[in-house]
Amino acid sequence: MAITYAQESGLTAEEYIGVLGQTIMRDRRPLANTARIQAMLDGANFVVTARDDGGTLVGLARCITDHAWICYCAELAVRDSHQGQGIGRAILDKAIELLGPRIGLTLMADKEAVGFYQNIGMEPASGFWRPRTDRS
């Protein structure tokens, strides 16, 4: 199966929910609140996707960047059925290619994903988190 990686704008809440709903993150995102998901997508100014040869979205990176110094990846998600095929790494590789050598990429990894990020060569960094109180 061929996978196409590209920067996209206009990703729909339904497509996002379709992918995140089939990952370990399904309980960590407000997938039942389509309006909030759409607002999350509208606020992201850099989205990289992975689509199979039928056009189905199988993975994505939803990011925010200043296009000068840093890009924050809010989610890297690959459908459970497509994990272990190098898709997550390829999405990040495409993001880094598109961003260019002057822009760093940062993210907060869930505990379950730390090994993945270490294996693809990302460096650990300190981060801080203030949880939201409204999870709807």
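Colleague: Which residues lie nearest the centre of the largest pocket?

Modeller: This is a predicted model, in which local features need pLDDT of at least 70, side-chain atom pairs count only at pLDDT 80 or more, and totals for chains, interfaces and linings use all residues. Residues are numbered from 1 along each chain as its sequence is written, and side-chain values use heavy atoms, with hydrogens and water left out. A pocket is an open set of points on a 1 Å grid over the protein atoms alone, where a 1.4 Å probe fits, with protein on both sides within 12 Å along at least five of seven lines; lining residues have an atom within 4 Å of a point. The largest pocket is lined by 50 residues, and those nearest its centre are Leu107, Met108, Ala109, Asp110 and Tyr117.

Colleague: Which element gives the most to the lining of the largest pocket?

Modeller: At least two lining residues come from each of α2 (34–43), β4 (70–78), α3 (87–99), β5 (104–107) and α4 (114–119). These elements are DSSP runs numbered from the N terminus (helices H or I, at least four residues; strands E, at least two). With 7 residues, the element that gives the most is β4.

Colleague: What is the volume of the largest pocket?

Modeller: A volume is the space filled by probe spheres set on the grid points, which are joined across faces, edges and corners. For the largest pocket the value is about 1,600 Å³.

Colleague: Why do the buried residues of α2 line one face of the helix?

Modeller: Ile37, Met40 and Leu41 are buried (under 20% relative accessible area, with exposed over 50% and partly exposed in between, for a 1.4 Å probe and protein chains only). An α-helix has 3.6 residues a turn, so residues three or four places apart point the same way. The face turned away from the buried side carries the exposed residues Ala35 and Asp42. Seen down the axis of α2, the buried residues line one face because the arc, taken from the directions from the helix axis to the C-beta atoms, is within 95 degrees.

Colleague: Which residues does alanine 13 contact beyond its neighbours within four places in sequence?

Modeller: Alanine 13 belongs to helix α1 and is buried at 1% relative accessibility. The C-alpha atom of alanine 13 is 8.9 Å from that of arginine 36, 23 residues apart along the chain. With contact meaning heavy atoms within 4.5 Å, the partners of alanine 13 are Thr34, Ile37, Gln38 and Leu41.

Colleague: Which elements are included in what covers the buried residues of α1?

Modeller: In α1 (13–20), the buried residues are Ala13, Tyr16, Val19 and Leu20. They cover an arc of only 130 degrees around the axis, so they sit on the same side of α1. Their cover includes α2, β3 and β4.

Colleague: How far from the sulfur of cysteine 63 is the nearest cysteine sulfur?

Modeller: The structure holds 0 disulfides, a disulfide being a pair of cysteine sulfur atoms within 2.5 Å. Cysteine 63 is buried at 1% relative accessibility, and cysteine 73 is buried at 2%. The nearest cysteine sulfur to that of cysteine 63 belongs to cysteine 73, at 3.9 Å.

Colleague: Which residues does leucine 98 touch, not counting residues up to four places away in sequence?

Modeller: Leucine 98 lies in helix α3 and is partly exposed, with a relative accessible area of 36%. Under the stated exclusion, the residues touched by leucine 98 are Gln7, Phe46 and Val48.
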